[in-house]
Amino acid sequence: MIRDLLANLDTLLLWGFAGCAFVSAALMLVLRQPMRVAMALVSCMVFLGGVYGLLGVHFIAAFQVLIYVGAVMVFMVYAIMLLDPRDESAGTSKYSKLYWPGLVGLTALAEALAVGYWNDLPHALRGAAGEPFDILRFSEAFLSEYWLHFELTSVLLVAAVVAAMAVIRENRRHERG
Amino acid sequence: MDKVQMLQVLAASLFALGLTGVIIRRNVLVMLMCMELMLNGVNLSLVTFAHTMGSAVGAVLVFLIFVVATAEIAIAIPVVLLLVRRKRSLDIETYTDLKG
């Protein structure tokens with residue numbers, strides 16, 4: 001019994017991480033406080049990092065934790081700490097009036113779950129597991145075949161930083177004028 | 001259920017939950033976080049297929065999505081800060097200046 005469990009530990013952990021990620025994502029729709037929503041998203045991202053690690057793509061798991069949790073979500077948490085006390089809509093309903101469009105999203109969720117439960121994958125994908133790729137193969141592909149994309153991401157990041165500074169400066173000019 | 005199938009269902013569910021959150025939540029910051037959840041769903045789908053096919057293309061795309069998400073947040077947070085300064089609210093329904 002214990003040997004069987006240990007033999008399937010990877011699968012069990014994968015299902016556990018996937019289930020926890022789904023629950024954390026669902027909590028984001030239910031929780032009221034933005035900080036709690038942010039913590040639910042952080043836990044969802046960490047569980048997804050665990051899923052990536054179990055799939056053998058460790059460098060993406062590391063990127064997930066370092067970039068998403070360590071940079072994006074920390075920035076988001078700073079913004080929540082800065083803005084939350086000013087939020088005067090805290091006493092009103094947390095949901096918008098767009099119930100019918102919201103149903104579209106819930107229908108998409110139900111469809112995804114139903115299709116996954118009742119339909120099988122195409123034969124070519126079922127049980128397939130290609131040769132796992134490591135950071136070396138990823139880096140070679142990235143810097144040889146996809147070097148233009150690499151350069152474009154650098155340009156995009158610089159453009160984002162310049163745009164963020166421009167937004168702040170424009171606002172200061174507006175306030176002085 | 002197969003492992004790949006389960007992960008694809010999870011990816012689609014995360015995308016659908018994020019989409020629902022963007023539509024029905026009123027807080028601008030929560031809406032931004034729901035967009036991040038949608039990106040995470042796409043990332044999971046790409047990683048699963050890259051793992052299944054043994055191809056590095058999916059991983060390259062995931063890396064690009066990481067950068068796009070970072071750039072998106074770097075722009076979105078200052079814009080939200082300025083909006084809150086002017087409107088004194090995080091409620092999306094108060095931002096009606098561009099309404100026709």
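**View 1. Contacts in chain B that reach along the sequence.** Take the contacts in chain B between residues at least 6 apart in sequence: 55% of them join residues at least 24 apart. A contact here means heavy atoms within 4.5 Å. This is a predicted model, so local features need pLDDT of at least 70 and side-chain atom pairs count only at pLDDT 80 or more, while totals for chains, interfaces and linings use all residues. Residues are numbered from 1 along each chain as its sequence is written, chains are lettered from A and ligands numbered from 1 in the order in which they are written, and side-chain values use heavy atoms, with hydrogens and water left out.

View 2. Chain B has 3 helices and 0 strands. Both are DSSP runs numbered from the N terminus: helices are H or I with at least four residues, strands are E with at least two. The radius of gyration of chain B is 17 Å, whereas a compact globule of 100 residues would be near 13 Å. That radius is taken over C-alpha atoms, and the globule rule is 2.2 Å times the number of residues to the power 0.38. Along the principal axes, the C-alpha atoms of chain B fill a box of roughly 50 × 25 × 20 Å.

View 3. Areas come from the Shrake-Rupley method with a 1.4 Å probe, and for residues only the protein chains shown count as cover. Chain B carries 8 positive and 6 negative side chains, with the centres of the two sets 9 Å apart. Lys and Arg count as positive, Asp and Glu as negative, and His and the chain ends are not counted; each charge is placed at NZ of Lys, CZ of Arg, CG of Asp or CD of Glu.

**View 4. Chain A, with 7 helices and 0 strands.** Read along the sequence, chain A goes α-α-α-α-α-α-α. Buried residues make up 31% of its 177 residues, and the accessible surface of chain A is about 11,300 Å², 68% of it from carbon and sulfur atoms. Among contacts in chain A between residues at least 6 apart in sequence, 62% join residues at least 24 apart.

View 5. B:Cys34 is in no disulfide either, and its nearest cysteine sulfur, that of A:Cys44, is 11 Å away. A:Cys20 is partly exposed at 34% relative accessibility, while B:Cys34 is buried, with a relative accessible area of 1%.

**View 6. B:Gln8, a residue in helix H1 (residues 3-24) of chain B.** At 15% relative accessibility, B:Gln8 counts as buried. Leaving out residues up to four places away in sequence, B:Gln8 touches B:Ser45, B:Thr48 and B:Phe49.

**View 7. B:Arg88, with a positive phi.** Although B:Arg88 is not a glycine, its phi is positive, about 60 degrees. B:Arg88 sits in the segment after helix H3 (57-87) of chain B, and it counts as partly exposed at 43% relative accessibility.

How values were computed:
Buried < 20%, exposed > 50% of the residue type's maximum accessible area, 1.4 Å probe, protein only. Disulfide = S-S within 2.5 Å.
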